[in-house]
Amino acid sequence: QLTPSSFLRIGQLSNVDLNEDIRELETELPRQHPNEIPHNEKLLSLKYESLDYDNSENQLFLEEERRINHTAFRTVEIKRWVICAMIGILTGLVACFIDIVVENLAGLKYRVVKGNIDKFTEKGGLSFSLLLWATLNASVVMVGSVIVAFIEPVAAGSGIPQIKCYLNGVKIPHVVRLKTLVIKVCGVILSVVGGLAVGKEGPMIHSGAVIAAGISQGRSTSLKRDFKIFEYFRRDTEKRDFVSAGAAAGVSAAFGAPVGGVLFSLEEGASFWNQFLTWRIFFASMISTFTLNSVLSVYHGNAWDLSSPGLINFGRFDTEKMGYTIQEIPIFIFMGVVGGILGALFNALNYWLTMFRIRYIHRPCLQVVEAMLVAAVTATVGFVMIYCSRDCQPIQGSSVAYPLQLFCADGEYNSMATAFFNTPEKSVVNLFHDPPGSYNPMTLGMFTLMYFFLACWTYGLTVSAGVFIPSLLIGAAWGRLFGISLSYLTKGSIWADPGKYALMGAAAQLGGIVRMTLSLTVIMMEATGNVTYGFPIMLVLMTAKIVGDYFVEGLYDMHIQLQSVPFLHWEAPVTSHSLTAREVMSTPVTCLRRIERVGTVVDILSDTSSNHNGFPVVESNPDTTQVAGLRGLILRSQLIGFVERANLSLVQRRLKPKDFRDAYPRFPPIQSIHVSQDERECMIDLSEFMNPSPYTVPQVMPGDPSAPQHPGGHGLCMPAWGCTLSLSRQVVGMVTRKDLARYRLGKEGLEELSLAQT
């Protein structure tokens with residue numbers, strides 16, 4: 001029996017995205033800290049609300065649109081392009097900042113530890129070096145974890161699942177706030193410098209999305225500043241399109257892949273798409289990679305070179321040496337199968353680990369301790385592996401940044417150290433490009449095994465961190481091992497180049513974990529600057545996706561499901577066609593009359609037990625024998641805006657859409673508005689504010705994905721609400737996002753999830 005008190009209460013009013021003062025009131029409520037949260041994966045959380053990805057075409061909106069002439073429309077269109085350019089520039093600059101700071105801090109750490117190891121190798125007492133390395137890592141990660149756990153928990157992880165939910169139409173609290181961006185950037189720098197098995201590429205997507213949401217609104221609620229620009233775009237529909245562009249600009253800055261960014265936004269992110277949006281997103285991506293390229297080229301001292309298009313550059317692959325032949329096609333397919341199986345194993349392990357974390361490690365202090373433990377263990381594992389490895393390579397002609405000699409002869413370095421004693425990005429490039437013979441097969445085998453479990457343990461910690469680079473690194477290591485084995489078997493044949501198989505392994509592993517195909521192919525091609533491998537990469541990724549999907553779903557979808565988010569997929573579950581609207585709808589419906597008493601409206605809005613966000617408006621009929629037909633739908637935010645304005649006695653002038661835009665996105669809760677007894681007796685006419693043409697379905701409509709379909713979107717990307725009508729146009733129910741997301745295809749067929757206040 002799940003009682004509300006057994007869950008963490010995260011505010012009873014979360015769907016009005018409360019102001020700071022109300023949030024403080026909530027924190028004063030006694031917080032129960034259960035030792036275990038009885039979380040199970042068959043829950044759907046009630047704390048998430050829908051965004052209104054559908055313009056409310058009420059009288060006010062239509063009058064304003066009619067007044068806009070051709071020149072004003074052109075101005076709005078130009079502003080859209082300007083915003084996209086600004087998103088690109090700022091995302092590129094944030095990426096530069098992360099890259100430069102990580103390079104300097106990580107360089108400093110590795111130089112200190114290397115000096116210490118070199119000193120103690122001669123004198124004895126290497127345990128001091130281990131202690132230094134583990135302490136440095138744990139203390140840096142502690143800072144990174146504290147800021148995330150205590151200041152902004154939504155900045156944890158890569159942020160891709162959260163942005164995916166936002167673009168799907170789910171309001172995730174604080175996901176696109178300036179504070180989240182600052183914590184995200186600082187957190188990712190600290191977790192990479194702290195030596196965790198993470199990358200800085202994933203969080204760039206979240207950072208780009210926050211930048212886009214901030215610029216397009218022309219103000220910051222965190223800074224409490226309104227710049228009075230771009231006011232036309234203060235609504236969910238417009239903000240969503242810019243966030244898609246920000247996510248694409250983030251991918252573009254991370255990998256130097258503008259086309260890959262657009263495809264990522266289309267494949268993984270956006271649930272709403274059109275042709276104009278494609279061009280604007282491509283423009284933002286292009287500007288983003290160019291900005292990063294220019295600034296980093298100047299920083300590296302070759303201003304006119306433009307040689308670093310992304311945060312990670314896989315280096316150029318030599319085409320003459322690295323072609324592929326027909327007999328390698330089955331080998332690539334086999335690598336795709338291995339990648340799919342390993343990816344599914346990674347996801348399954350991470351799933352159980354995340355369930356354990358949700359149940360037992362839900363207090364911020366425990367989360368910080370776990371992050372420090374992982375950092376110390378990562379350093380210890382790295383040190384022990386380097387210490388036990390006897391794989392020595394000549395230092396002559398190698399491009400190792402921090403060569404560790406340890407017990408190797410003079411003029412040689414320990415090759416295990418190139419994999420562990422480096423940032424993951426550099427290790428990936430080394431595995432791709434080091435000449436054949438640089439690594440002992442034993443070294444690669446041990447590294448793959450250890451790094452696989454470390455990366456799996458690290459993803460889901462309370463730190464800002466991406467999974468792209470660790471996945472590529474695991475795949476590059478086993479891919480290179482595979483290449484070396486082939487070369488043994490074929491007696492050193494020219495085509496069995498380990499670098500080429502490292503690239504295929506990296507693609508297979510990443511594809512097996514995140515299940516991206518289209519965008520990942522293009523990202524890999526753009527990041528390596530080589531079109532030759534286009535076909536093998538496609539083959540490997542498709543195989544990895546098919547094999548992985550057979551076992552478990554992709555990592556991001558899994559984390560969305562674990563957070564109990566009411567996420568709507570492109571298609572309804574296959575077996576849900578037999579359900580009708582009557583079976584899925586919520587009843588009874590709280591309706592408002594077209595001409596309603598202010599007191600009634602205030603009472604309905606104040607009722608915390610229902611807490612609805614949209615109300616059908618029915619004809620106010622004095623004759624109660626007649627059935628009241630549906631006239632429209634009005635949102636909580638519109639009602640609050642009206643009551644608040646009326647309360648400020650501004651009712652002398654008519655309300656304009658601008659009044660609602662000024663209050664967006666955080667409308668005050670109804671409890672903060674005082675309404676006098678006289679005002680309660682006033683009548684208000686809702687016909688100006690209500691949407692006269694909401695989505696309606698007959699109650700016998702089957703639960704097919706095309707039922708409440710959004711005309712401008714794809715599949716079930718419906719707005720927050722649809723009304724269910726009887727044959728006499730009487731409102732009998734409401735179909736909301738949660739009513740539809742409740743049904744999911746499980747192992748035994750169609751499952752219905754239970755709703756919880758978790």
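**Close-up views of a predicted model**

**View 1. R515 sits in the loop between α17 (498-514) and α18 (518-528).** Helices (DSSP runs of H or I, at least four residues) and strands (runs of E, at least two) are numbered from the N terminus. This is a predicted model, where local features need pLDDT of at least 70, side-chain atom pairs count only at pLDDT 80 or more, and totals for chains, interfaces and linings use all residues. Residues are numbered from 1 along each chain as its sequence is written, and side-chain values use heavy atoms, with hydrogens and water left out. R515 isn't a glycine, yet its phi is positive, near 60°. With a relative accessible area of 5%, R515 is buried (buried is under 20% relative accessible area, exposed over 50%, partly exposed in between; 1.4 Å probe, protein chains only).

**View 2. H174 also has a positive phi without being a glycine, at a value near 70°.** Look for H174 in the loop that links β3 (170-171) and α6 (178-193).

**View 3. A cis peptide bond runs from T587 to P588.** Omega for this bond is near -10°. P588 belongs to the loop between α21 (581-584) and β8 (592-593).

**View 4. Helices α8 (residues 236-255) and α9 (residues 258-269) pack against each other with axes 7 Å apart.** The angle between them is about 140° (axes are lines fitted to C-alpha atoms, for helices over the stretch in contact, and angles run from 0 to 180 degrees between N-to-C directions). That makes α8 and α9 oblique to each other, since angles under 35 degrees count as roughly parallel, over 145 as roughly antiparallel, 65 to 115 as roughly perpendicular and the rest as oblique. The α8/α9 crossing is right-handed, meaning that the near helix is turned clockwise from the far one by less than a right angle. On the α8 side, S244, A247, A248, V251 and S252 make the contact, and α9 brings P258, G260, G261, V262, F264 and S265 (contact means heavy atoms within 4.5 Å). Sorted by class, the α8 contact with α9 has 6 nonpolar, 5 polar and no charged residues (Ala, Val, Leu, Ile, Met, Phe, Trp, Tyr, Cys and Pro count as nonpolar, Asp, Glu, Lys and Arg as charged, and the others, Gly among them, as polar).

**View 5. Strands β8, β10 and β11 form an open sheet of 3 strands, in the order β8-β10-β11.** The pairing is mixed (two strands pair if DSSP finds at least two bridges between them). β8 and β11 (630-635) are the edge strands, each pairing on one side only. Strand β10 (residues 614-618) runs antiparallel to β11, and 5 bridges join the two. Facing I634 of β11 is F615.

**View 6. A hairpin takes β16 to β17 through 2 residues.** β16 (residues 743-746) and β17 (residues 749-752) are antiparallel and joined by 4 bridges. G746 stands opposite G749 of β17.

**View 7. T443 is part of helix α15 (residues 441-458).** At 6% relative accessibility, T443 is buried. Setting aside neighbours within four places in sequence, the contacts of T443 are S389, D391, S415 and M416.

**View 8. D52 lies in the loop between β2 (49-50) and α2 (59-67).** Its relative accessibility of 22% makes D52 partly exposed. D52 and V170 are 118 residues apart in sequence, with 9.2 Å between them in space, C-alpha to C-alpha.
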